[in-house]
Amino acid sequence: MACFTAVIPELALVYVIKKKVEKKEALENKAHTIALSTKLSWLITMLWGGVFLLCIEHLWHGEIVPWFPFLTAMQNPQDTQAMFVEILTIGTCIDLFIPLVWFVACFLIEKANYKQTRYGA
């Protein structure tokens, strides 16, 4: 119903962290590594992609409408309670799963990058 809204605070937090990291990286220069700010940009893109796809899915199923209150679950108290449970369960799983996939991808990319620079492949 509204599980995609759980990702929005995480997006804000990652964006703030990325801005702080960019300031630090401007002072440093590490060769042969992918900048953390670049990796955080990947995470932000993945999170926005998840929000977009879930929003489309909820629109498709009629759970989001173009009139107030926008979420059909907000029209009666029983549905509102179910919506909050979905945000806390499904939304939290999304909040954990996307960064996990991002972390594994960054690890594998760094490993491949290390092999390439070390062995000159």
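**Ground rules.** I worked from a predicted model, where local features need pLDDT of at least 70, side-chain atom pairs count only at pLDDT 80 or more, and totals for chains, interfaces and linings use all residues. Residues are numbered from 1 along each chain as its sequence is written, and side-chain values use heavy atoms, with hydrogens and water left out.

**Lysine 18.** I found lysine 18 in helix α1, residues 7-27 (helices are DSSP runs of H or I, at least four residues, numbered from the N terminus). Is lysine 18 buried or exposed? Lysine 18 is buried, as its relative accessible area is 12% (buried is under 20%, exposed over 50%, partly exposed in between, with a 1.4 Å probe and protein chains only). Beyond neighbours within four places in sequence, I saw lysine 18 in contact with Ser37, Leu40, Ser41 and Ile44 (contact means heavy atoms within 4.5 Å).

**α2 and α3.** Next I looked at helix α2 (residues 36-60) and helix α3 (residues 77-119), which pack at about 145° with axes 10 Å apart (axes are lines fitted to C-alpha atoms over the stretch in contact, and angles run from 0 to 180 degrees between N-to-C directions). Among the residues that meet are Trp42 and Leu54 in α2, and Ile94 and Trp102 in α3.

**Leucine 54.** I stayed in α2 for leucine 54. Leucine 54 is partly exposed, at 21% relative accessible area. Leaving out residues up to four places away in sequence, leucine 54 touches Cys3, Phe4 and Ile94.

Note on methods: Helices (H or I, at least four residues) and strands (E, at least two) are DSSP runs, numbered from the N terminus.
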